[in-house]
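Here is a short report on one protein model and its ligand. Look at the structure first, then read on.

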Amino acid sequence: MKRILSGVQPSGQIHLGNYLGAIRKHIEMQKNHECYLFIADLHALTTVRDPDQMRENVLNLAKAYIALGLDTKKTVFFQQSAIAEHSELCWILDSLTPMGLLERAHAWKDAKAKGKKEATVGLFNYPVLQAADILLYKPDLVPVGQDQKQHIEMTRDIAIKFNQTYGETFHLPEPLIGEDVAVIPGTDGQKMSKSYGNTIDIFADDRTLKKQVMGIQTNSTPLEKPKDTKKCIVFNLYSLLATPTETTSLAKKYKKGGFGYGDAKKLLLEKILDHFGEARKTFFNLDKNPKIVQNTLLQGNKKAKALAEKTLEEVKKKAGLI
Ligand code: ADP
Ligand code: TRP
C-alpha cells in the first residue's frame, strides 16, 4: 500500500476550494493508502498572529475533517507543532538549501511584490519546513492543489541535495494533483481563497452561506436569453458537486433561456446544503464536545511522533550529529 501525506493550514474557515481541491481527495484516499494528514499550524504562524484565533482555527479544521468523513483509525491525523521533529529537520535541511532555490518560490515572490503578506524569514523558509514535513514521513505521494506543485518540486530538490551530501536517505515524493479540479473559482472568478475574500464556506451558518452563494458574480445576460455554461462560476461550482445527469439537466436550462442566474444560484445553494448536510450537522455537534476532537489529535500525534523520531534519528546519524 502506498503512503500518502498532506498538510492543511489552519488559516480560517474551510471553503469549497479547500474541500474540492484537497480535503475530498484526502478522505477518499484513506480507502486504499496508508495516510498521514496534519494540521500545518507552524506554517499558519506566518499569517495568523492572534493566539485565540490560532486555537480556534486548529479546532475548526480538525472538526471539519472529522465531520467530512476522515476515519482517524485509518488515517494518522495530527498537529504539526506537536511533533518537534518537523522544526528540527527543517534546520538540518536549511543548512543544505541554497538561497536561490527559495528566492524562486512563487509564494515568496508574490508576497514581496504585492506586499500583502509580511515578508518574514518564516515565509521565506516556508518551503523548507514543508520539505521537512514531507520527508519525515517518507510518503510516496503528496496530494495537493495545483498551487502547491512548486513546493513539492522544491522538496524533491532538497531531498536530492541531502541524498547527495549524506547518502541515499529519502526517496522522492510525487505530487498528486487532480487535474479536473485544479483551481476552484471563487465568487468573483479569481481562485477561491481566504486571502481574496471570495470564498464559499462549507461550515458557515445558513444565512452567511446563502449570502456567499447569492453574491457570486455573473454576467448581464438577461433572464430570457440562453446562457453560456462555460464561463459561468455558478454552473462550474454546481457541476463539481452534482451528478453528470444533474449537470446536463442544468446545462439544458442554460441553453434554453428563461432561466436566470438567481435560479441557478438557488440550485447551487440547495446542492451545497444537500451535499454537506450531514457534515454540517456533525460539525456543529462537535462544537459541543471539543474534547472528542482534542483526544483524536492526541492519539494521532503519538503515532506520527513514532515515525518522525525514527527518520530524524537516521538523519542525525547521517549528518554526524549522533
Ligand atoms: P487559501 O488560498 O484559502 O488560503 P489554503 O492555501 O489554506 O487556501 O489551501 C488549503 C488547501 O486547499 C491546499 O491544498 C490548496 O491547494 C487547496 N486549495 C485552496 N484553494 C483552492 C482552490 N481555489 N482550488 C483548488 N484547491 C484549492
Ligand atoms: N503549504 C500547504 C498549503 O498551504 C500546506 C502544507 C504544509 C503541506 N506542509 C505540507 C501540504 C506538506 C502538503 C505536504 O496548502
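## A term to start with

A polar contact is a pair of N or O atoms within 3.5 Å. Keep that cut-off in mind for Lys 191. An N or O atom in the side chain of Lys 191 is 3.5 Å from an oxygen atom of ligand 1. Remember too that this is a predicted model.

## Around the ligand

How much of ligand 1 does the protein bury? On its own, ligand 1 exposes 540 Å². The protein buries 90% of that.

The shell around ligand 1 holds 5 nonpolar, 7 polar and 3 charged residues. Of the 15 residues around ligand 1, those that come nearest are His 15, Asp 147, Ile 184, Ser 193 and Lys 194. Two of these names return here. His 15 places a polar side-chain atom 2.7 Å from an oxygen atom of ligand 1. For Asp 147, a polar side-chain atom also lies 2.7 Å from an oxygen atom of ligand 1.

## The nonpolar cores

Now turn to the cores. The largest nonpolar core has 53 residues. Among those with the most contacts inside this core are Leu 16, Tyr 65, Phe 203 and Ile 272. Where does the core lie relative to domain 1 and domain 2? Domain 1 (3-183 + 290-318) and domain 2 (204-275) both give residues to it, so the core lies between them.

Take Ile 272. Leaving out residues up to four places away in sequence, Ile 272 touches Leu 16, Ile 200, Leu 209, Val 213, Leu 241 and Gly 277. Another core, of 42 residues, lies apart from the largest one. Its members include Ala 40, Phe 78, Leu 89 and Met 154.

Notes. Residues numbered from 1 in each chain as written. Chains lettered and ligands numbered in written order. Predicted model: local features only at pLDDT ≥ 70, side-chain atom pairs only at ≥ 80, totals over all residues. Heavy atoms only, no water. Near = heavy atom within 4 Å. Polar contact = N/O pair within 3.5 Å; in protein donor to acceptor, adjacent residues only side chain to side chain. Areas by Shrake-Rupley, 256 points an atom, 1.4 Å probe, with all protein chains shown as cover. Nonpolar A, V, L, I, M, F, W, Y, C, P; charged D, E, K, R; others polar. Core = buried A, V, L, I, M, F, W, Y, C linked by side-chain atoms within 4.5 Å. Buried < 20%, exposed > 50% of the residue type's maximum accessible area, 1.4 Å probe, protein only. Domains from an automatic or database assignment. Contact = heavy atoms within 4.5 Å.
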